[in-house]
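My notes follow the model itself.

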Amino acid sequence: GKDGYRHYMEKELHEHPVVIGQTLQRLIDPATRRVVLPDLPFDLASVPRAVITACGSAFYAGMIGRYWLESVARIPVDIDVASEMRYRDPPLTPGGMGLLISQSGETADTLAALRGMRAHRQHIVSVLNVEQSTIARESDVVLGTAAGPEISVASTKAFTAQLSVLACLAIAAGRRRGVVSPDQEQALVASLLDLPSRAGEVFDQADAIRRMAAVIAGARDVLYLGRGSSFPVALEGALKLKEVSYIHAEAYAAGEMKHGPISLIDQTVPIVATAPSGRLFEKTLSNLQEARARGGRLLVFTDTQGAERLRGIAEIVVAIPTVDEFTAPVLQTIPVQMLAYEVALLKGTDVDQPRNLAKSVTVE
Ligand code: F6R
């Protein structure tokens, strides 16, 4: 049941902290605080390349996985949505890693992309929530997400569980490839293990998120922005808003604004930005200042450290706990999904069963 929540989506949003913790528990040895993956039929030290594919939200989790595999493990990565990947026929060196991400394990395009990669002799690693599924049966290795059943058609908790697995995979690969030292591994693992309690604190921001929702609910179009690993968070936010509130939203890499979308900006198109403190913060801030100078209403998700700089620039600031840059996208996803839920409530849509959507997409 819904455990007293109004919708499964609300219940599942509140499960983020537990789900992240349970997923990490499967992959981190509490004694040594090192990542321990199941046995792989190939060596992460010598894998030439990873190809990531998935659909929808799972694809956005994959985009964050790409940042991690590239920056933490120094593995070259290609990524595309499965509906494109299955027909692209990219040249693949045998022995590469095909990395599939799927909550249901039944998505037709993801399965077809898997079969294409298998035909090119890739090792198939799947990040799945439903471990008794078609994709599971056709994979060499399944890395399970411990999200439990996800009933809401719009995915929420599966996303942070997928990120938890992908982060561990990147750390393990980095160690194996000699680019993550034992000290670095300890620091990265510590930041992961800190996530469940920090995630719980995100819900303290519910009132500020509702204030944002009131602005969004009156809009016809919304622009989501982010840079680096916050760009997929923006994509996830825009997708979730479209799905459950039926408001048109688009996400852009913040640096792309001046190459076109900035022409959209006026008071009627609110801008939702994800801008945690860190390496790219100042860059995003200057993009936001440009948007504001053109009359844009800025609603910004940041952390307590970034909030200082944003007050006075943004109309509404939601500051969640400051965490390591590595884990920030995991935490920043939660308020962005909460926002979509709050807007759907205001719009009175069928939150758990949005029109035209199915939980598992088993046809092309
Ligand atoms: C978004 C959503 C969809 C799924 C996509 C992939 O909220 O639920 O975009 O993420 O259909 O589904 P799975 O993960 O089952 O392969």
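The entries below go from confidence to the ligand and its surroundings.

**Confidence.** I am working with a predicted model. I checked the scores before anything else. The protein chain has an average pLDDT of 97. I found 100% of the residues at a score of at least 70. For the complex, the predictor reports an ipTM of 0.98 and a pTM of 0.98.

**Shell.** I listed 14 residues around the ligand. Ser102, Gln103, Ser104, Thr107 and Glu243 come nearest. Seven of its residues are polar, five are nonpolar and two are charged.

I went through the ligand's oxygen atoms next. One lies 2.5 Å from a side-chain N or O atom of Thr107. Thr107 is also among the residues that come nearest to the ligand. At Lys240, a side-chain N or O atom is 2.8 Å from a ligand oxygen. Ser155 uses its backbone: a polar atom there is 2.9 Å from an oxygen of the ligand.

**Cover.** How much of the ligand's accessible area does the protein cover? On its own, the ligand has 400 Å² of accessible area, and I noted that the protein covers 89% of it.

How values were computed. Residues numbered from 1 in each chain as written. Predicted model: local features only at pLDDT ≥ 70, side-chain atom pairs only at ≥ 80, totals over all residues. Heavy atoms only, no water. Near = heavy atom within 4 Å. Polar contact = N/O pair within 3.5 Å; in protein donor to acceptor, adjacent residues only side chain to side chain. Areas by Shrake-Rupley, 256 points an atom, 1.4 Å probe, with all protein chains shown as cover. Nonpolar A, V, L, I, M, F, W, Y, C, P; charged D, E, K, R; others polar. pLDDT = per-residue confidence, 0-100.
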